[in-house]
Amino acid sequence: MSLTTVTILMFVGLFLLMTTGHAIAFILGALGIGFALWLWGPPALDMLYFATTNTMGSFILIAIPLFLFMGIVLQESGIAEDLFGTIYSWAGGLRGGLGIGTIVICTIIAAMVGITGAATVTMGIIALPAMLKRGYDKEIAVGLIMAGGALGFLIPPSVIMIMYAFISGVSVGRLFAGGVFPGLMLSTMYMIYIGVRCYFQPWMGPALPPEERAPLKTKIISLKAIVLPVILIGVVLGFIFLGVTSPTEASAMGALGAMICAAIHRRLNWALIKNSALTTLRVSGMTFWIIIMAVTFSKVYAGLGAADMMRSLMAGLAIGRWGVLIIIQLSLFIFGMFLDDFAILLVIMPVYIPIAVSMNFNPVWFAILYVVNMQMAYLTPPYGFNLFYMRAVAPPEITMADIYRSVTVSYTHLTLPTKRIV
């Protein structure tokens, strides 16, 4: 059977099984093992066993649960709520101020946690009710939280960057450094968009009335909430960028530092440690199952010569290296509508990365393009994960249709008013 036929069967089977609602990890594993047995027989299971055990023995993967634990401790200890209180005090008097402040907090949470769901869920619980209570348009309120939550892909310590480094051989530190500027740039663009839109359309994000605005003394006192998180983030990332520690060693420092921050706030107790450890275990367990099963699927596909076939196909298109890059980006966008980011990374990117390297694209720059695509994938219907995270925490008056509309451009809402409304 030809490689083209097997490719069609494997990916059609993947998309069909996804419609059943089963976990992507076990769909990938079932397809990988099933095709391995069909193509090569029982001896193929030995190959898959050694491939997955070698994968899970990688030292760099230790950083994933440690960074997760760091972020979850900071989240469970109430530091995110304190941060929102600070931003609420300073930005509430501006049109769109609560929305701008929410993006700021999402940016900080992204630098604390490294996964996109954390900021989306946290701000969905804390910031969304506050914005709706103050008369914010529900679509802009929901949309800005999901967009800000997706910054966890780009702003280090990003878990997806750690995994990319694992499969590509690119330095984690270089990927982290490469993600800082694009992440902050996107965060700034979101804030500018919210500020400009709410200035011209005040009903989208009204300012707090004067009687609800905090006095200057309260604002200054509230700034203490940002000191410890900023110091912790600066130390962890600074040690990585300066080469003082490896990312894995820095993740251990971050986990310890998070507990110290909780202790300083007098919130460190056994219940906090237990809940944080169990949450870390659940998230890490889900992540590693996806890794194991995606490696199984990708090893079978790669064993058929898929990388060579794709390289030959791209070279035969005669559209130049930039044309190939555009095709890769478009395909990642389409894959992102349906597949998990880890599944795309472990199944698709081992085929694309050698093509990019052979065409002399900078490996760090190409990696950041992939991460930006995955950030969009978390916001793109029908299977954008942030859409479902938001649905889980949004109040009843927010429907799934509202959430879908919030991540698209509504031209009727962009019409400027005929006269300024104060």
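Visitor: How many residues does helix 2 have, and how far does it reach?
Guide: In this predicted model, helix 2 covers residues 24-40, which makes 17 residues. From its first C-alpha to its last it reaches 24 Å, close to the 24 Å expected at 1.5 Å a residue.

Visitor: Which residues are buried in helix 2?
Guide: Several are, including Ile 24, Ile 27, Leu 28, Leu 31 and Phe 35. Gly 29 and Gly 32 are buried there too.

Visitor: And what follows helix 2?
Guide: Gly 41 does, with a positive phi near 85 degrees.

Visitor: Let's switch to the core. Which residues touch the most other members of the largest nonpolar core?
Guide: Tyr 352 and Tyr 370, out of 136 residues in that core. Helix 17, residues 341-358, gives the most to this core, with 13 residues.

Visitor: What is Tyr 370 in contact with, leaving aside its neighbours within four places in sequence?
Guide: Its contacts are Ile 160, Tyr 164, Leu 332, Asp 341, Ile 344, Leu 345 and Met 349.

Visitor: How about Ser 276, is that buried or exposed?
Guide: Ser 276 counts as buried because its relative accessible area is 0%. You'll find Ser 276 in helix 14, residues 270-303. Beyond neighbours within four places in sequence, Ser 276 is in contact with Phe 69, Ile 72, Val 73 and Glu 76.

Visitor: Where is Leu 216, and why does it count as exposed?
Guide: Leu 216 is in helix 11, residues 216-222. Its relative accessibility is 56%, so Leu 216 counts as exposed; the cut-off for that is over 50%.

Conventions:
Residues are numbered from 1 along each chain as its sequence is written. This is a predicted model: local features need pLDDT of at least 70, side-chain atom pairs count only at pLDDT 80 or more; totals for chains, interfaces and linings use all residues. Side-chain values use heavy atoms; hydrogens and water are left out. Helices (H or I, at least four residues) and strands (E, at least two) are DSSP runs, numbered from the N terminus. Buried means under 20% relative accessible area, exposed over 50%, partly exposed in between (1.4 Å probe, protein chains only). The expected span of a helix is 1.5 Å times one less than its number of residues. A nonpolar core is a set of buried Ala, Val, Leu, Ile, Met, Phe, Trp, Tyr and Cys residues joined through side-chain atoms within 4.5 Å. Contact means heavy atoms within 4.5 Å.
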